[in-house]
Amino acid sequence: MGAQHDENKQTSGDDDPSRQDCASIADVSVEVATVDHTLQKLRRKYRKTRRKPKGLKRLWLRLLNIPYITVIITAVVFVVVVIMWSLLWVFIFRRESNSGAYFAGMFRVANVEFIPEYRQAESHEFVSMANKIQHVVNNVYKMSSVAKLYKQAVISDLSNNNKGGVLVHFWMAFVVPQLKSSEMCEECLAAIFRDSVHTSLNRSSVGYLLGLPVDIDSILINGVQRSDYSSNTADSQCVDKMYANLPGVMVPLSVFSSWGGINCHVKLTAVPGSLIRLTITSFVIEPSDCVNDALTVYDALLPMRGRILHSLCEPVSSAVSIVSTSNFMLLSFRMTNGNKNFRGHFEAIAEEVCMSQIETQLEPGIRDRMYSPFYPSMLPPQCSCTWKFKTQNSTLGVALRFHNYVLKLKDMNGCDQGWWKVNEVIYCGSYVGHDTVFRIADYNPDMEFRCSSRTSAQPFQASYSSYSMNQPCPESHFLCNTGLCVQKTRLCDGLDDCQDESDEVFCSRPTMSCGANSPLHPLLVCNGETDCTDGVDELNCTHETTCSAIRYQCKSGSCILKKNAKCDGLDDCQDRSDEADCACGRPSPLTRVFTSTGLERIVGGVNSAEGEWPWQVSLYFDGHLYCGASVLSTDWLVSAAHCFNKQRLSDPRYWRAHLGMLTQGSAKYVVEIQRIVVHEYYNAQMFDYDIALLQLKKPWPPSLSPLVQPVCLPSSSHTVTDSHRCVVTGWGYRTEDDTVLSLVLQKAEVSVMSQTECKKRYGIISPRMLCAGVPSGGRDACKGDSGGPLSCQAPGGGRWFLIGIVSWGSGCGRPNLPGVYSRVTKFTSWIYSHIR
Ligand code: 4AZ
């Protein structure tokens, strides 16, 4: 305050001119006073010149005040952060959220003649036609609802079309903000294209688009990966074009993966009007369910999902051939590092005119053969064949014996493995693991076959002959439901001669006629149980005998009567092979087994103990417990095919196997899946052949034993008797309407039911299924247990064998409706063929 006061006084003095005059008069008389005054004046002058900066200084002083500094630093940091964030958003995040969407498309331009110059993308003719088409495509999408997202179209190929005109293959690229990605569906884009074509009312599929005659039915647009787009477009180093210019001339093909691996495409084109047959003689890759190494064959010149003919994910050692539906084909190779290679050839073949007039021989026993179109090549998605039969007289019909194929009346569902019309009645074909006979009770029938699968399908063959309509099977034979004829002496002999057990159901229970004169029922002989009081049924069981499905086959190939010779602790085979590979089915409970009566869980189960079921696996799909499985070896598991039935479910990358687990989340080993092998005859409607094998990415370490151990795989002759103990295990639902899975692995003891009883309950039960439960219900597998084991222990505390795989059932634990399991003994050789 004081300094302020002084300043005020001086300021008032400076401003007074009379005071200035006074000072000058007093200069001489008061010396000292004059110096002081001068100093003061100078000071005043100095202060006067500094008056302006004085405010800034004050500000500066204020700013130097600590709280102000903090505020300022914060403000500066805030501004810098805001600027940086905006820049980041503009240049990075905004760019990322605007992702590219790529599509491959094709359509036919009708009424335009294909000229050979169109094959060369550099030719003037190609460029001129491509520009015209590109202009049309640009116009379609630039005038559409997705105009703002549309970037460009590139015409990749102009090819001859067997229907006439020119087939156009093109790419499209869109830049799509994440929020708008739903607008980019391939069907929407195809609809935009179709709607732009002006059609007339003359029922032709050809309409006009800016003067271009476009076949609406030919328009197909599929989304593709960015990598497909970049590896296929003009600047890619890895697109090869090959031509088969002469029909029947084989053009060799070989592809090697260099050290860095490859992702390449080979475009095959054949002479106009022909088809392409690709033959793969060898394909050396690592099996990985098409994740790492694969060959995908397309019925197009761009990698369009809707046009896949075949995908090869396994090595090929015996020739496979595939036929296209037009005169082009695309081979898309993916091979990772290593010594991978492909060898084969392709050729132009004529479209097959598949029409036969067949006169069957008079003798019903004499057979001739008929084949699927292009046999032995795989069937293309489009094909047709007709056969017109004529027998020698009106009492003789036509019998067709199909190999691994069956014809069934068409039901509500469509036919996806072949469509058949036999004298105006429609049948669907399907692949099975045995022969069948289809009889047409007509002496002059017509038969039409049409391919009806989305991709290439397995070929088929049949032998045909005439048969007597009055007596389909020879004398003393029985007519099976599969159409086969078997000798009546084979009825109820315990062997599935009919291949559908129709010769083994509704038989009276095998009688124990143990007298010396009548033979013992084969099912009771050497089954490990003494059925005759004198024990004759269990004598001489290791003597070599002829082989059949109910006798044990040693490694040497010789057979013995003993059904359950495998791993029973006795050397039954001369080569001792029955006791080799027996490190299985022996749990060693680490804690006392907890068997509760009051704490009933799942469907009538109780908590298991740690290490009680060391082969039990829990399969997690996308992070959630989805199915069960069983350990077969250090790198193979077995489960149910229906667990892997849909698109994403069949992709091994979504799955994790949890081994050595008692309580959910406490697995001793969690491992990725390398490959899923679903049985080739799996039938999703009937749940037949409901089995799949899973190969682990990394084998489980031996240190995990005894908490992780394989279950014993039964031989195909293995039989379960009343003295076996069978237990179903899993983390599935505890009741039919449960909503949560069990926390602790549950177990429930069930009995294996006779096949006849099982068929009485459910009707359609295949020989690959078995029923198990308790008559009153209440003990059963349920949702979430699928794929898990039904384990049965050999009598006398023997080893545990995998007898069933949880498959299906009507509800859970209902009285008289047992659980249905895949019958593992029917798959023994199939399993060994993959895991050995
Ligand atoms: C299922 O949905 C399922 N009761 C499994 C087994 C049974 C029923 C359903 C048998 O996975």
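Let's start in strand β8, residues 262-270, which is where Cys-264 is found; strands here are DSSP runs of E with at least two residues, helices are runs of H or I with at least four residues, and both are numbered from the N terminus. Keep in mind that this is a predicted model, in which local features need pLDDT of at least 70 and side-chain atom pairs count only at pLDDT 80 or more, while totals for chains, interfaces and linings use all residues. Residues are numbered from 1 along each chain as its sequence is written, and side-chain values use heavy atoms, with hydrogens and water left out.

Back to Cys-264: is this residue buried or exposed? Cys-264 is buried, with a relative accessible area of 12%. As for the cut-offs, buried means under 20% relative accessible area, exposed means over 50%, and partly exposed is in between, using a 1.4 Å probe and protein chains only. Cys-264 and Leu-295 are 31 residues apart along the chain, and their C-alpha atoms are separated by 9.8 Å.

Now hop over to Ser-332 in strand β13, residues 328-335. Ser-332 has 10% relative accessibility, so this serine counts as buried. Its side chain is joined to that of His-265 by a polar contact of 3.4 Å. A polar contact is a pair of N or O atoms within 3.5 Å; within protein, one must be able to donate a hydrogen and the other to accept it, and residues adjacent in sequence count only if both atoms are side-chain atoms.

Next, the rings. A search of the whole structure turns up 36 aromatic pairs. Rings of Phe, Tyr and Trp (its six-membered ring) pair if their centres lie within 6.5 Å; planes under 30 degrees apart count as stacked, over 60 as edge-to-face, and the rest as tilted. Take Trp-420 and Phe-449: their ring centres are 4.8 Å apart and their planes are at 50 degrees, so this pair is tilted. Because Trp-420 sits in strand β20 (residues 419-422) and Phe-449 in strand β23 (residues 446-450), the pair ties together parts that are 29 residues apart in sequence. Trp-420 is buried at a relative accessible area of 0%, and Phe-449 counts as buried at 1%.

Trp-420 has another partner in Phe-460, again in a tilted pair, with 5.4 Å centre to centre and 50 degrees between the planes.

Elsewhere, one aromatic cluster is formed by Phe-103, Phe-107, Tyr-141, Tyr-150, Phe-170, Phe-174 and Phe-193. Some rings also have a charge over them, meaning that NZ of Lys or CZ of Arg is within 6 Å of the ring centre and within 35 degrees of the ring normal. Arg-450 lies over the face of Trp-419, at 4.6 Å from the ring centre, and Arg-648 lies over the face of Tyr-654, at 4.6 Å from the ring centre.

The backbone has a few things worth a look too. The peptide bond from Tyr-375 to Pro-376 is cis, with omega near 5 degrees, and Pro-376 is in the loop between β16 (368-371) and β17 (384-390). There's also a cis bond from Ser-705 to Pro-706, with omega near 10 degrees; Pro-706 lies in the loop between β36 (692-696) and β37 (725-730). Phe-687, in the loop between β35 (669-678) and β36, has a positive phi near 60 degrees despite being a residue other than glycine. Phe-687 is partly exposed, at 24% relative accessible area.

Finally, the ligand. Its surroundings are Asp-780, Ala-781, Cys-782, Lys-783, Gly-784, Ser-786, Val-806, Trp-808, Gly-809, Gly-811 and Cys-812, where a residue is near a molecule or strand if one of its heavy atoms lies within 4 Å of it. A polar side-chain atom of Asp-780 lies 2.7 Å from a ligand nitrogen atom. A backbone N or O atom of Ala-781 is 2.8 Å from a nitrogen atom of the ligand, and one of Gly-811 is 3.0 Å from a nitrogen atom of the ligand.
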